[in-house]
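Student: I have a two-part file to go through. Can we take it step by step, with cut-offs stated?

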Amino acid sequence: MTAAQGGDRGALDQLLRRHYDRVHAVCRRITGHEADAADAAQDAMIAIVRSLDRFDGRSSFGTWAYRIATNSSLDELRRRKRRGAVSTSSADDGDHPFVEHADPASSRRIDAIGDHLALDVALRALSDEYRLPVVLRDVADLDYAEIAAVLDLPAGTVRSRIARGRAALARALSAEPGNQQTDPERPSRAP
Amino acid sequence: MNDDDAFARAEAASAFLDGEIDAAERASVAADPDAMALVDSFAKVRDALGAVEPAPDNVRADAMSAALAEFDVRQRIRTAPVTAIVLKPRWQRAYPIFRGAAAAAVIAVVVFAVANGTKGSDSKSSSEGTQPPAAAQQRTEAATGAAPAATAAPSATTPAGAADSSNQKLAAPVPVVNTPDDLRRFAAGFDFAASTSTGPSSAAGAAPGATALVPMPEAPPATCLTPTDTYLGTVSVLGSPAFAVRDDSTGLLRAVDPIDCRVLFTVPSSP
């Protein structure tokens, strides 16, 4: 990190490659859309470079980078909302790797697509208030204190929102199609 | 179990899964089968969320290229030679404007002065009437040096208001000759031995002890003078303009009114 800040291009390249997949995953889960995630992740990478001099090391680089990725994703969502082109399914994304090539394992992939679709739908049904802490916890692997710092929330609120978000997702993913209910204010009493 | 209990159990189970729980609460969750069932459920959610397909290689490559290109641009900016542009203080930046304005003002004053000077030389009387105080003082001093007797009176100049009525020349300081003795003292400053003819220049010889010529005003009307008269200069008689002459043939001094050539008084050159 210090070398990258000092202008070492190779060090920066390594640093970005190490964190790109996680940044992309955060963007993917927050935006719920493959193309939007690609754009948001690229924007996040550029923003990291631009802000490199301002990184003071008070948090880990990962925490800092995922904060940037979260903001890039939210920006991308706002742009998408302005465009009014909300995709109802990631499967309609022409770049989706699962629908481009048929092969003998296609049946397993179709199941996987189904799981992805269900998860995307369930995530999309969650408000940012619950989706962001859950994604930062389960995708970015940040602890509660780090999430609290990223989202500027008390740690107790983070704990509560993660639990409610997870409960809503668990209920949605276990429910029968067409019977999904992801209101975190009404968690199920049983998984 | 009410909703509050259900929320508390879900929250504890979630925190249990994340390891963000104290020992007592951990023990409580571990002892509760329903809570542990929630933990399993949340773990599946976590695994599903974390199972994100990696970005396609071309997407990753594009992102990395864009980021490194940004880095390269910033490095070029950072390492480029810096040209410092030091801004002068505001007053210094405005100085050329003030300098220009001052130069314009000086030029305007000079042009005005030259124009005024030209007009003054066109009209001699006008020039005399507007000469600056310093010049007037110089003239007074010269007159005093050439004819010390003429400055014996307390006031060595004619009041300007009296002079204006007859001749602009009288606006200039002239000796005061209110009595015959004043006239004699005035004339004592002239060297009449060198005077052989009439006219101002003939009487402008150096007075005894004098180092400067008496400034002679313009000549009086010729009708007031005789061929043997020597014009001595313009004087003030009781606040009115007059001119002093000496009859070289008789040695008499006269104070003459310039308007009607009336002799105001006559006195011998020497008592």
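Student: How many helices and strands does chain A have?

Tutor: This is a predicted model, where local features need pLDDT of at least 70, side-chain atom pairs count only at pLDDT 80 or more, and totals for chains, interfaces and linings use all residues. Residues are numbered from 1 along each chain as its sequence is written, while chains are lettered from A and ligands numbered from 1 in the order in which they are written. Helices (H or I, at least four residues) and strands (E, at least two) are DSSP runs, numbered from the N terminus. On that basis chain A has eight helices and zero strands.

Student: What pattern does chain B follow along the sequence?

Tutor: Chain B holds nine helices and four strands. Read along the sequence, the pattern is α-α-α-α-α-α-α-α-α-β-β-β-β.

Student: Which share of chain B is buried?

Tutor: Buried takes 20 or more other C-beta atoms within 10 Å of a residue's own; exposed takes 12 or fewer, partly exposed lies in between, and C-beta atoms are placed from the backbone. For chain A, 43% of the 191 residues count as buried. For the 271 residues of chain B, the share is 27%.

Student: How many of the residues of strand β3 of chain B are buried?

Tutor: Strand β3(B) spans residues 252–256 and is mostly covered. The buried count is four of its five residues.

Student: Which residue stands opposite B:Leu253 in β4(B)?

Tutor: Strands pair if DSSP finds at least two bridges between them. Five bridges join β3(B) to β4(B), residues 263–268, and the two run antiparallel. Opposite B:Leu253 stands B:Val267.

Student: Which residue in the hairpin of β2(B) and β3(B) takes a positive phi?

Tutor: Strand β2(B), residues 240–247, runs antiparallel to β3(B), with five bridges. B:Asp247 stands opposite B:Leu252. Four residues lie between the strands, and the positive phi, near 80 degrees, belongs to B:Gly251.

Student: Are α1(B) and α3(B) parallel or oblique to each other?

Tutor: Axes are lines fitted to C-alpha atoms, for helices over the stretch in contact, with angles from 0 to 180 degrees between N-to-C directions. Helix α1(B), residues 3–18, packs on α3(B), residues 33–50, at about 55 degrees, axes 8 Å apart. Under 35 degrees counts as roughly parallel, over 145 as roughly antiparallel, 65 to 115 as roughly perpendicular, the rest as oblique. The pair α1(B) and α3(B) is therefore oblique.
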